Amino acid sequence: MEKDIEQILYSAEAIQERVVELGQTITADFKDKNPLLIGVLKGSFVFMADLVRALDMPCQLEFMGVSSYGNKSETTGAVKITRDLECDIEGRHVIVIEDILDSGLTLSYLMKYLQNRRPASIEICTLLDKPERRQVEVHPRYKGFAIPDAFVVGYGLDFAESYRNLPYIGVLKPSVYA
């Protein structure tokens, strides 16, 4: 896998430091609200696991499967719910945990979908934000890092279900996904 990485953008240490900072900020904002954290599978699972351990407050966890990429490096634009929530979110404070905010199509769709379930509040926490690629307006309240327009993998992010287990975030060589 290492041979397929063009450049490391964020080391495991830099990621952990930023995740702890995000956890402290979210704890301060939601300390008495018992938020429901909804991880968007599969990419967010590593980030969410570390983020939850950085929170110093009661919270609950849930997961959704949402896809717009398939095995491609570009979004198809068609959002598909592959796994829905198993709990009611009406009246709950919800934080959607995402690995990367790219075009915004998936998160825009998901936010509207969840808003219809009448949560008390709903916020986005994304590890990576790629604003250059935004096609629709989506504004995360919490974000780890802004990144350039590059295809990244590692720390839960994949290409064709591979590279999720890399401990850092790296740029995948174009020859791998072209």
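I began with the open sheet: three strands in the order β1-β9-β8, with antiparallel pairing. I take strands as DSSP E runs of at least two residues and helices as H or I runs of at least four, numbered from the N terminus. Two strands pair if DSSP finds at least two bridges between them.

This is a predicted model: local features need pLDDT of at least 70, side-chain atom pairs count only at pLDDT 80 or more, and totals for chains, interfaces and linings use all residues. Residues are numbered from 1 along each chain as its sequence is written, and side-chain values use heavy atoms, with hydrogens and water left out.

I next looked at β1 against β9 (residues 169-172): four antiparallel bridges join them. I5 faces L172 of β9.

I counted five aromatic pairs (ring centres within 6.5 Å; planes under 30 degrees apart are stacked, over 60 edge-to-face, the rest tilted). Y10 and F145 are stacked, because their centres are 3.8 Å apart and their planes at 25°. Y10 is in β1 and F145 in β7, so the pair ties together parts 135 residues apart in sequence. Both are buried (under 20% relative accessible area, 1.4 Å probe, protein chains only; exposed is over 50%, partly exposed in between).

Definitions and conventions: Phe/Tyr/Trp six-rings, centres within 6.5 Å; stacked < 30°, edge-to-face > 60°.
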